[in-house]
Structure formats: structure tokens, C-alpha cells
Amino acid sequence: MRAGYHPAMPDRGGTLKEQGFYKTPAWRRIRQQALQRDHYICQLRLSSRCTGIATEVHHIQELESRPDLGLSLDNLTSCCWYCHEETKTRKSKPKTISGVRVINITDGSDDES
Ligand SMILES: [Zn+2]
């Protein structure tokens, strides 16, 4: 279930994302600019499954912590889907252990779409 998008109404004080930030025309425009600037090439190369083809735009400084940079081209970097997922994975973990990588051995299993 999904609530409707109310641009001027931060209902229930949710995150910017929940408020529909990624649906705004302003975001879509800056997103395209970022992709074009980076020539649709993944800038992160974080994931071992990196495709090299940027389809996502990542906020270098998190949107929630720096909403003022949400539409700043300097704060955006183009990346592929896998690397974008990687940023989410890394973000959720405290950076305590470095140099440890989780290697996904199973192949061909589509766990999520
Ligand atoms: Zn990538």
C-alpha cells in the first residue's frame, strides 16, 4: 500500500524519501543531469557485480542527513544498481571491520527483484 504524494505536505513527518522526494520533477531533472555528466558510467565500482552502466544516482552525502544537498549536482554520483545496493548495505553497518567481504557463492539465485 502506498500513500498518495503530497508535495507540500510532509505527512507524519516521514523521511524525504517517504515524502516523495524521488518523484519530484526537480529530482528527476538533476538525476538526468548527473547521469549525463557521468556519461552513464558507474562511478562507484563498489560491487563485485558492478555492471559499469549507471542507472541509478546516489547521494554522496545522505539525503536524510543533508537534505539541502539533495538537489546538488556535486553531491550526486551515478552508479549501477548493484553498487547502489552496496551503498545501502554498507550504510546500514557500522564501519568497524574493514577488509572483510561477504562473498556470495550461490549463483543464479534471484532473491529479490
Ligand atoms: Zn557499479
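Author: A definition to begin with: two residues are in contact if their C-beta atoms, placed from the backbone, lie within 7 Å. Also, keep in mind that this is a predicted model.

Reader: OK. Among contacts between residues at least 6 apart in sequence, what share join residues at least 24 apart?

Author: In the protein chain that share is 62%.

Reader: How many helices and strands does the chain have?

Author: Two helices and two strands. Along the sequence they follow the pattern α-β-β-α.

Reader: And how much of the chain counts as buried?

Author: 13% of the 113 residues.

Reader: Which residues make up the largest nonpolar core?

Author: Five residues: Cys42, Ala54, Cys79, Cys80 and Cys83.

Reader: What does cysteine 83 touch, not counting residues up to four places away in sequence?

Author: Cysteine 83 touches Cys42, Leu44, Arg45, Leu46, Ser47 and Cys50.

Reader: Let's move to H2. How many residues are in that helix, and how far does it reach?

Author: H2 covers residues 81-92, which is 12 residues, and spans 17 Å from its first C-alpha to its last. That is close to the 16 Å expected at 1.5 Å a residue.

Reader: Which of its residues are buried?

Author: In H2, Cys83, His84 and Glu86 are buried. They are on the same side of H2, because the arc they cover around the axis is only 155°.

Reader: What about the other side: buried or exposed?

Author: Lys88, Thr89 and Ser92 are exposed there.

Reader: So what covers the buried ones?

Author: The cover for the buried residues of H2 includes strand E1 (56-59) and strand E2 (76-79).

Reader: Last topic, H1. How many residues does that helix have?

Author: H1 has 13 residues, 25-37, and reaches 18 Å from first C-alpha to last, close to the 18 Å expected at 1.5 Å a residue. Just after H1 comes histidine 39, with a positive phi of about 55°.

Definitions and conventions: Residues are numbered from 1 along each chain as its sequence is written. This is a predicted model: local features need pLDDT of at least 70, side-chain atom pairs count only at pLDDT 80 or more; totals for chains, interfaces and linings use all residues. Helices (H or I, at least four residues) and strands (E, at least two) are DSSP runs, numbered from the N terminus. The expected span of a helix is 1.5 Å times one less than its number of residues. A residue is buried if 20 or more other C-beta atoms lie within 10 Å of its own, exposed if 12 or fewer, and partly exposed in between; C-beta atoms are placed from the backbone. The arc is that of the directions from the helix axis to the C-beta atoms. A nonpolar core is a set of buried Ala, Val, Leu, Ile, Met, Phe, Trp, Tyr and Cys residues joined through C-beta atoms within 7 Å.
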